[in-house]
Amino acid sequence: MNRIVNSPILWMIATASSSSLLLCMGTGVRSEHAYAGAPANEKSCRTVGRLAREVRIPGGVFKMGDHHAYAEERPRSEVEVASFWMDTHEVTNRQFDAFVAETGHVTRAERGLDRGVAPELDDAARRPGSLVFTPPVRLLGSAPSQWWRFVAGASWRHPQGPGSTVKGREDEPVVHVTYEDAAAYAKWAGRRLPTEAEWEYAARRGQRMLDHNVHEAPRPGTANTWQGDFPTTNRGLDGFVGRAPVACFPPDAQGLFDVVGNVWELTSSVYYPGHRRPTARAHPTAGFDPKQPGVPVHVIKGGSYLCAENYCARYRPSARQGQDALLGTSHIGFRTVRSDSRPR
Ligand SMILES: [Ca+2]
Ligand SMILES: [Ca+2]
């Protein structure tokens with residue numbers, strides 16, 4: 001795999017203490033802190049074991065992308081999606097633990113980067129770990145390196161780094177997983193990761209039925225996002241300042257929980273900065289993100305608990321970003337799907 005040493009991700013790993021990741025860009029909008037919804041809380045969280053495992057998403061044709069949002073969401077075009085079954089919620093720590101217990105899978109964050117993957121890096125830069133959101137005390141400019149920190153030893157078992165644990169957080173979405181970790185889980189479960197089109201199609205169906213304008217922030221009380229000025233003021237008016245257990249917020253009209261918000265969700269689609277796929281000669285099959293050139297990138301969807309009105313605002317079905325296929329973070333997880341051969 002060809003990765004170049006001056007990519008922002010590898011630079012971040014190499015410099016560790018001043019890690020950087022271009023996960024979101026500013027919107028120029030100042031958050032007004034208005035919040036009319038009732039906050040979610042422990043009482044509003046469903047018992048995960050009693051939830052339906054999956055729901056059937058009937059196939060159809062839809063307009064994918066958005067002309068009025070970020071450039072990478074263009075062009076908007078018609079896409080056909082076959083019927084499929086989708087997890088009702090993000091994969092939890094409890095589910096991932098069952099996978100690890102049975103297969104012995106060791107995640108990329110726990111293994112670190114081997115020489116075959118990134119021969120240009122020195123040993124210190126290969127150490128096991130992951131990116132952890134760490135709010136800055138003071139904000140100087142807008143460099144993401146002020147709130148993304150590479151923490152050696154951070155992994156799905158230790159989301160905040162050594163000493164932290166998922167004990168008591170079994171129903172929270174698993175994080176610090178890479179594309180290969182998520183794909184391995186899905187295979188073990190007899191499933192697969194959704195394509196970007198499948199994910200967006202399902203998200204649009206649910207949002208439209210809730211009469212949600214895709215250009216606005218999620219309605220208060222419907223998703224775990226950020227209220228306040230990111231990254232310094234997290235008011236937690238929706239009931240959670242960090243990740244929430246899955247299914248604490250209401251489901252969409254199809255019965256899907258936390259499609260928007262809580263954690264970003266990995267897809268099987270490689271990322272390009274737009275829906276018009278470039279020629280194979282121009283860009284590698286591993287995807288291409290001009291913000292992290294040379295790095296294999298997959299599309300992530302839905303935004304996370306860190307998406308605010310003044311920053312990111314990618315809590316919309318069409319919103320998308322490229323994620324380093326070999327790097328985890330504390331706000332990216334996934335859900336799985338399986339194909340359905342039945343007619344619509
Ligand atoms: Ca929140
Ligand atoms: Ca989500």
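The exercises below work through the sheet and the nonpolar cores of a predicted model.

**Exercise 1.** Determine what the secondary structure of the chain comes to, and what percentage of its 344 residues count as buried.

*Solution.* Counting the elements of the chain gives 5 helices and 11 strands. Finally, among contacts with a separation of 6 or more, 76% are accounted for by residues 24 or more positions apart.

**Exercise 2.** Work out the strand order of the open sheet formed by 4 strands, and explain which strands stand at its edges.

*Solution.* Reading across the open sheet, the order is β9-β8-β7-β10, with mixed pairing. Because β9 (320-324) and β10 (332-333) each have a single partner strand, they stand at the edges, and one side of each is left without a neighbour in the sheet. Taking one pair in detail, β8 (residues 297-301) runs antiparallel to β9 over 5 bridges, and within this pairing His298 has Gln323 of β9 as its bridge partner.

**Exercise 3.** Identify the residues that touch the most other members of the largest nonpolar core, and trace which elements supply this core.

*Solution.* The core holds 38 residues, of which Ala182 and Leu266 touch the most other members. At least two residues each come from α2 (93-103), β5 (129-133), β6 (148-152), α4 (179-188), β7 (264-270) and β8, and the largest share, 4 residues, is that of α4. Leaving aside neighbours within four places in sequence, the contacts of Leu266 include Ala182, His298, Gln323 and Ile332. Apart from this core lies another, of 33 residues, including Trp199 and Leu256.

Technical notes:
Residues numbered from 1 in each chain as written. Chains lettered and ligands numbered in written order. Predicted model: local features only at pLDDT ≥ 70, side-chain atom pairs only at ≥ 80, totals over all residues. Pairing = 2+ DSSP bridges. Core = buried A, V, L, I, M, F, W, Y, C linked by C-beta atoms within 7 Å. Buried ≥ 20, exposed ≤ 12 C-beta atoms within 10 Å, placed from the backbone. Contact = placed C-beta atoms within 7 Å.
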